[in-house]
Amino acid sequence: MKTAVLVSGGGTNLQAMLDAKDRGEMPEVEFVCVVSNRKKAYALERAREHGIEALYLPTVRFDSTESYNTALRDLLLERGVEAVVLAGFLVVLSKPMTDAFPNRIINVHPSLIPSFCGDGFYGLKVHEAVLERGVKVSGATVHFVDEGTDTGPIILQKAVAVEEGDTPEALQLRIMEQAEWKLLPCAVELLAEGRLIVEEHRVRIREA
């Protein structure tokens with residue numbers, strides 16, 4: 001499955017997938033390009049180091065979210081992309097993208113959806129809110145992307161304990177290590193194997 005990864009920052013989730021691919025855990029996945037809206041995103045360097053095309057597509061070139069999404073869609077389709085992974089991409093996807101890749105765009109979110117998700121919940125903001133609320137368990141969710149924010153069908157989730165004395169940074173790292181970096185490669189490979197069946201907004205995983 002020809003796959004594109006969209007990233008705005010350092011690309012730790014991208015690296016987790018590249019490492020999984022190197023270990024032979026994602027045999028059906030071919031990473032054809034990594035796209036960032038930020039020119040200095042380290043994720044682009046990670047892509048180059050793995051011989052993957054690294055593309056910079058800044059939002060400032062476009063006068064609307066729709067026009068950006070249209071350009072992004074065309075760029076991906078030109079490369080034969082079949083699926084898209086959001087690995088910390090801080091640009092809103094809209095109809096040109098979601099219509100082109102229905103149930104083919106995967107996102108990882110650092111909480112157990114439907115908790116601590118939606119508009120304004122991203123990055124450290126999620127973990128800050130978790131600690132402020134005093135919850136005992138957080139985690140990560142991998143889901144399909146639709147036109148809402150964190151509203152698409154849930155594919156996989158994994159709980160991670162919130163520990164006494166946690167800082168947002170410590171909790172973020174634990175959730176990445178114990179959940180995000182494990183769930184995301186697994187979900188993308190399941191999609192590539194054709195094992196993710198969406199029925200009435202729910203995801204069923206077909207047996208291998």
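View 1. Strands E8 (residues 196-199) and E9 (residues 202-205) run antiparallel and are joined by four bridges. Two strands count as paired if DSSP finds at least two bridges between them; helices (H or I, at least four residues) and strands (E, at least two) are DSSP runs numbered from the N terminus. Two residues lie between E8 and E9 in the hairpin, and Glu200 in the turn has a positive phi of about 50°. His201 sits in the loop between E8 and E9. The phi of His201 is also positive, about 70°, although His201 is not a glycine. With a relative accessible area of 47%, His201 is partly exposed (buried is under 20%, exposed over 50%, partly exposed in between; 1.4 Å probe, protein chains only).

Residues are numbered from 1 along each chain as its sequence is written, and side-chain values use heavy atoms, with hydrogens and water left out. As the model is predicted, local features need pLDDT of at least 70 and side-chain atom pairs count only at pLDDT 80 or more, while totals for chains, interfaces and linings use all residues.

View 2. Seven strands with mixed pairing make up the open sheet, in the order E3-E2-E1-E4-E5-E6-E7. Neighbouring strands are turned by 20° against each other on average, direction ignored. E2 (residues 30-36) pairs with E3 in the parallel sense over four bridges, and Ser36 has Tyr56 of E3 as its bridge partner. Helix H1 (residues 12-22) packs on the sheet, touching E1 (2-6), E2, E4 (83-86) and E5 (105-109), and its direction makes about 165° with that of E2. Helix H3 (residues 65-78) lies across E1, E2, E3 and E4, at about 155° to E2. Contact means heavy atoms within 4.5 Å; axes are lines fitted to C-alpha atoms, for helices over the stretch in contact, and angles run from 0 to 180 degrees between N-to-C directions.

**View 3. The contact of H1 with H6.** The axes of H1 and H6 (residues 168-192) come within 9 Å and cross at roughly 60°. The contact involves Thr12, Asn13, Ala16, Met17 and Ala20 of H1, and Met176, Glu180, Trp181, Leu184, Pro185 and Val188 of H6.

**View 4. The loop between E5 and H5.** Pro114 lies in the loop between E5 and H5 (124-133). The peptide bond from Ile113 to Pro114 is cis, with omega near 20°. Phe116 is found in the loop between E5 and H5, and its phi is positive, near 50°.
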